[in-house]
Amino acid sequence: MLFRVDPGSAVPLGDQIAASVRGAIADGSVRAGERLPAARALAASLGVNVHTVLRGYGRLKEEGLIELRRGRGAVVTGAAAPGRARLGEAAQRLIAEARDLGMSDEEIVRVVRLGLEGG
Amino acid sequence: MVAVKRSPSSAAPAPARPRSWLAALPFLVVTVLLGGLYATAAGRLPERLATHFGTDGRPDGYSSAPGFLLGCLAVLLVLGVGLSVLVRLPMAPPNGRLLVATAYFTAPVLGYPAALVLLGNAGAAGPDAVRLPGWQVAAVLAGGLACGALGWLLAGADPEWRPAEPGRAGRLDLPAGVRAGWTRTVSSLPLAALAAVTVGGGVVLGALAGWGGGAVLVLGGVLVAVHCSVRVTADRRGLTLTPALLPVPLRRIPLEKVAEASSRRIAALAEYGGWGYRIRSGGSGLLLRSGEGLVLRLTSGREFVVTVDDSATAAALLNTYLDRRRSGEGG
């Protein structure tokens, strides 16, 4: 899979790494059970800090897309269906658009809650 | 170089069939000679033949006459058929020619001692009186080499090897300043199985027959295991192959040594003579299967290949970084 980071972007590098993985799961190029590169190796490959990679991996773990195991590294979970990853991507787009409009986090959550209540 | 003028109709030679017969011929000749010799000597052969000899030339192994003949013919048949099938496979020169030479070396080297055994037993007073002096071995090998050279000449030059079409050397849409890294693992189940069997065999051998031989097998198995699952990484630094079992790179090719990257189909057996980490004249690489692979043309003129899925992306990324490097933008 291809990892892409743009140091010039406003999006934190860790989030960009997470987005790369999410995109790869969404388009099916990374499947459940596959191992992601070790954080140290990926950091050296992209020329970023190890902690940046770990932040990105931590984010994917929170989303349930990967599991972090000692000794085994980061493994894409069985629950990481392409649909779930695409949903995560959609959420990222929503947040980016809302921030462009100058909305605060509170306001973004309120928009989502309104949508849920309306449905 | 001798320029041979050919008429257009014979310009496309089909070397496969003649080569097959050419490789089978020495085995046929040896089989016929051995059969004829057995037929003429059968009346004088004892029931028990001396068929194996120690370094002092005295017999230390025996078998029945028909059993010995059948064993010899079976070996000749298997090798003859095997080699004539093998020479039909497409191969980079001079492998095909070498195979024919191998056939011409092997057949007499197997057949001549068998003939000596038959003649020796037919002429001796009893099986224990048969002698096969050690210098005969040297004579057999020298004769075999001469026959092999004859085979080499008979085979003639290999048909011109058409190297695979160079693959597409794409580029990635990577705006200036954006960094990217590509990584993927490639594994071979047969190699993993081979590693497991070799290590297991080494442990058993070590326990039964002493640790010296066992350690050699275990070491060989570990070497295979290191190559059976590898993470391939292409990034701003170049290409890195890292075994799944070790945190240390197996091979690293810095970007400075790469002239161009491309992706194409690679035939492991035909182009590199097999699977695993292969080295041949003009190239080397890790071939865990045939099929899609990344091909690096190095600045030294050699090529480095690794069969891996999605290799077009890896090639495009490396080319993009090479372009950046040439335009002085750096990684």
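1. In this predicted model, about 1400 Å² of area is buried between chain A and chain B, and carbon and sulfur atoms give 45% of that area. The contact involves 17 residues of chain A and 19 residues of chain B. Across this interface of chain A and chain B the rule finds 0 salt bridges, although the count over all chains comes to 13 salt bridges. The size of an interface is often expressed as the accessible area that is lost when the parts come together.

2. The structure holds 1 cavity of 30 Å³ or more, and the volume of the largest cavity is about 80 Å³. Its lining draws on both chains, with A:Met1, A:Val30, A:Glu34, A:Arg35, A:Leu36 and A:Pro37 from chain A, and B:Thr183, B:Arg184, B:Thr185 and B:Arg231 from chain B. Strand E3 (residues 179-187) of chain B supplies the largest share of this lining, namely 3 residues. Sorted by class, the lining of the largest cavity has 4 nonpolar, 2 polar and 4 charged residues.

3. The largest pocket contains about 880 Å³ of space. It is lined by 36 residues, of which A:Leu36, A:Pro37, A:Ala38, A:Ala41 and B:Arg231 are the closest to its centre. The elements that give two or more residues to this lining are, in chain A, helix H2 (39-46), helix H3 (50-62), strand E2 (66-69) and strand E3 (73-76), and, in chain B, E3, strand E4 (229-235) and strand E5 (238-243). H2(A) gives the most, with 6 residues. By class, the lining of the largest pocket has 17 nonpolar, 10 polar and 9 charged residues. A:Leu36, A:Pro37 and B:Arg231 are among the residues that line the largest cavity, and they are also among those closest to the centre of the largest pocket.

4. The second largest pocket holds about 670 Å³ of space. Of its 28 lining residues, A:Val11, A:Asp15, A:Gln16, A:Ala19 and A:Gln92 are the closest to the centre. Strand E1 (2-5), helix H1 (13-26) and helix H4 (82-100) of chain A are the elements that give two or more residues to the lining. With 7 residues, H1(A) gives the most to the lining of this second largest pocket, and by class that lining has 11 nonpolar, 7 polar and 10 charged residues.

5. Which residues of chain B does B:Arg264 pair with in salt bridges? One partner is B:Glu271, with a distance of 3.2 Å from N to O, and another is B:Glu303, where the closest N and O atoms are 3.6 Å apart. B:Arg264 belongs to strand E7 (residues 258-266) of chain B and B:Glu303 to strand E11 (residues 303-307) of chain B, so this pair ties together parts that are 39 residues apart in sequence. Buried means under 20% relative accessible area, and therefore B:Arg264, at 12% relative accessibility, counts as buried. By that cut-off B:Glu271 is buried at 9%, and B:Glu303 is buried at 16%.

6. B:Ser284 also deserves attention, being found in strand E9 (residues 283-287) of chain B. Its relative accessible area is 9%, so B:Ser284 is buried. Leaving aside residues up to four places away in sequence, B:Ser284 touches B:Arg251, B:Tyr272, B:Arg278, B:Ile279, B:Arg302, B:Glu303, B:Phe304 and B:Val305. Among these contacts is B:Glu303, the residue that forms a salt bridge with B:Arg264.

7. A further salt bridge in chain B joins B:Arg326 and B:Asp323, whose closest N and O atoms are 3.8 Å apart. Both residues lie in helix H8 (residues 311-326) of chain B, with a spacing of 3 residues, about one turn of the helix. Is B:Arg326 buried or exposed? At 55% relative accessibility B:Arg326 counts as exposed, whereas B:Asp323, at 31%, counts as partly exposed. In chain A, salt bridges that share partners join A:Asp15, A:Arg22, A:Arg59 and A:Glu63 into one network. A:Asp15 from this network is also one of the residues closest to the centre of the second largest pocket.

Terms used. Residues numbered from 1 in each chain as written. Chains lettered and ligands numbered in written order. Predicted model: local features only at pLDDT ≥ 70, side-chain atom pairs only at ≥ 80, totals over all residues. Heavy atoms only, no water. Salt bridge = Lys/Arg side-chain N within 4 Å of Asp/Glu carboxyl O. Buried < 20%, exposed > 50% of the residue type's maximum accessible area, 1.4 Å probe, protein only. Helix = DSSP H or I, 4+ residues; strand = E, 2+ residues; numbered from the N terminus. 1 Å grid on protein atoms, 1.4 Å probe; cavity = no way out; pocket = protein on both sides within 12 Å on 5 of 7 lines; lining within 4 Å. Points joined across faces, edges and corners; volume = space filled by probe spheres on them. Nonpolar A, V, L, I, M, F, W, Y, C, P; charged D, E, K, R; others polar. Contact = heavy atoms within 4.5 Å. Buried area = accessible area lost by both parts, 1.4 Å probe.
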